[in-house]
Amino acid sequence: MEKQPKVIYRADSTSAESLRSMKKRLCEICDMYAGRMVRVQTMDGGVYDGIIRHHEGCILYLELDAPGYRAFWNPFVPFNPYYNTILPLVLYELLVISLLS
């Protein structure tokens with residue numbers, strides 16, 4: 001007979017239900033505003049402007065905004081290695097999502 005592993009953490013049922021409810025609501029918001037420009041603030045104080053591109057499971061994929069880079073190359077704007085960068089953010093770490101446009 002195999003020995004059962006020792007549980008070192010178990011979320012209480014109230015917290016788990018609250019997280020499931022929050023995840024469901026954030027997924028609905030991501031679906032509703034996909035393709036729109038938003039500002040996202042995380043619980044750790046990070047602030048990111050970008051376009052909601054996708055969400056899957058607990059992850060929001062935000063395409064970071066890169067001012068000055070659009071459909072043409074401008075020799076007067078320095079190279080930005082973060083242009084079109086997709087930033088994955090964990091849904092349950094988000095504090096605020098604000099619509100920018």
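Contact here means heavy atoms within 4.5 Å. On that basis, and leaving aside residues up to four places away in sequence, Leu 94 touches Val 40, Gln 41, Thr 42, Met 43, Leu 60 and Leu 89. The model is predicted, so local features need pLDDT of at least 70 and side-chain atom pairs count only at pLDDT 80 or more, while totals for chains, interfaces and linings use all residues. Numbering starts from 1 along each chain as its sequence is written, and side-chain values use heavy atoms, with hydrogens and water left out.

Leu 94 also belongs to the largest nonpolar core, a set of 12 residues that includes Val 40, Leu 60 and Leu 89. Helices (H or I, at least four residues) and strands (E, at least two) are DSSP runs, numbered from the N terminus.

Now for the strands, which pair if DSSP finds at least two bridges between them. S2 (residues 47–56) and S3 (residues 59–64) pair in the antiparallel sense over 6 bridges, with Gly 50 partnered by Leu 64. In their hairpin, which has 2 residues between the strands, Gly 57 takes a positive phi near 60°. S3 also runs antiparallel to S4 (residues 86–90), joined by 5 bridges, and here Tyr 61 has Pro 88 as its bridge partner.

Met 43, meanwhile, sits in the loop between S1 (37–42) and S2. Met 43 counts as exposed because its relative accessibility is 52%.

How values were computed:
Buried < 20%, exposed > 50% of the residue type's maximum accessible area, 1.4 Å probe, protein only. Core = buried A, V, L, I, M, F, W, Y, C linked by side-chain atoms within 4.5 Å.
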